[in-house]
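Student: Hi! I've got a structure open here and would like to talk it through with you. Can we go piece by piece?

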Amino acid sequence: MSGKINEQLFSAHEHALEHQESCPNCGIELVIRNSKRGPFLGCGGYPDCDYIKPLNHNDGHIVKYLGQPCPDCGEELLLRQGRYGMFIGCSGYPGCQHIESPEKKKAENTQLACPDCGKGHLVERKSRYGKVFYACDQYPSCRFAVNNKPVAGSCQQCGFRLLIEKKLASGTKLQCADRKCHHYQE
Ligand SMILES: [Zn+2]
Ligand SMILES: [Zn+2]
Ligand SMILES: [Zn+2]
Ligand SMILES: [Zn+2]
């Protein structure tokens with residue numbers, strides 16, 4: 001947990017010089033913007049002014065640990081709240097510079113491999129009616145989807161490589177995610 005120690009140093013440091021940074025070109029406040037390569041700081045006056053600078057991890061304090069591994073180094077990802085808004089950083093910082101935007105993370109995958117195609121991952125989605133479901137991110141080439149929260153594991157009955165969480169009157173049970181089986185796990 002070296003990340004935690006670093007963080008304490010950073011936040012002490014940060015409180016000393018907390019201020020809203022503004023654009024050196026036009027004086028408008030900087031805001032977090034997103035590109036395909038991840039978030040960065042851009043001038044709030046965009047598109048009139050196109051000043052940008054990289055977002056630093058110590059521009060934000062830790063809100064929570066996300067329980068998900070960094071795709072670059074495998075350390076835990078964490079959500080940070082900075083002067084410019086929320087972003088996701090790596091707890092391996094400063095050794096790892098991985099950074100991403102929380103907007104992306106919201107539709108982010110559950111880290112569970114699709115049991116159907118084996119290539120994709122299951123991603124949380126919302127139907128037109130606002131109902132949450134989980135679908136393979138290889139859609140439309142793979143159409144695997146489940147309506148209940150997917151859980152890692154294999155079915156005791158058929159060996160299908162995904163379980164779902166089913167809420168019953170008697171409590172929450174794990175069920176095989178294969179429609180042809182739907183076996184309740186012991
Ligand atoms: Zn500007
Ligand atoms: Zn990392
Ligand atoms: Zn799939
Ligand atoms: Zn099964």
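Student: How many residues sit between β1 and β2 in their hairpin?

Tutor: There are 2 residues between β1 and β2 in that hairpin. Keep in mind as we go that this is a predicted model.

Student: Okay, and in what sense do β1 and β2 pair, and over how many bridges?

Tutor: They are antiparallel, with 6 bridges linking β1, residues 30-35, to β2, residues 38-43.

Student: Which residues are bridge partners there? Say, for S35 and R33?

Tutor: S35 is partnered with G38 of β2, and R33 has F40 of β2 as its bridge partner.

Student: What is the strand order in the sheet that holds β1 and β2?

Tutor: The order is β1-β2-β3, an open sheet of 3 strands with antiparallel pairing. Its edge strands are β1 and β3, each of which pairs on one side only.

Student: And how many bridges join β2 to β3?

Tutor: 2 bridges, again antiparallel, with β3 covering residues 52-53. G42 has I52 in β3 as its bridge partner.

Student: Switching to packing: which residues have the most contacts inside the largest nonpolar core?

Tutor: Those are L30, I32, L41, L55, L77 and F87, in a core of 15 residues. At least two core residues come from each of β1, β2, β5 (76-82) and β6 (85-90). The largest share is that of β6, with 3 residues.

Student: What does L30 touch, leaving out residues up to four places away in sequence?

Tutor: L30 touches E21, S22, C23, L41, G42, C43, G44 and Y84.

Student: Nice. How much of the protein is buried?

Tutor: Of the 186 residues, 23% are buried. As for contacts between residues at least 6 apart in sequence, 28% of them join residues at least 24 apart.

Student: How many helices and strands are there?

Tutor: The protein has 2 helices and 14 strands.

Student: Last topic, confidence. Where is it lowest and where is it highest?

Tutor: Helix α1, residues 2-16, has the lowest confidence with a mean of 47, while strand β11, residues 145-146, has the highest at 95. The mean pLDDT of the protein is 83, and 85% of its residues reach 70 or more.

Student: And where does pLDDT stay under 50?

Tutor: That happens over residues 10-18, where the model has 4 contacts beyond four places in sequence.

Technical notes:
Residues are numbered from 1 along each chain as its sequence is written. Chains are lettered from A and ligands numbered from 1 in the order in which they are written. This is a predicted model: local features need pLDDT of at least 70, side-chain atom pairs count only at pLDDT 80 or more; totals for chains, interfaces and linings use all residues. Two strands pair if DSSP finds at least two bridges between them. Helices (H or I, at least four residues) and strands (E, at least two) are DSSP runs, numbered from the N terminus. A residue is buried if 20 or more other C-beta atoms lie within 10 Å of its own, exposed if 12 or fewer, and partly exposed in between; C-beta atoms are placed from the backbone. Two residues are in contact if their C-beta atoms, placed from the backbone, lie within 7 Å. pLDDT is the predictor's confidence in each residue, from 0 to 100. A nonpolar core is a set of buried Ala, Val, Leu, Ile, Met, Phe, Trp, Tyr and Cys residues joined through C-beta atoms within 7 Å.
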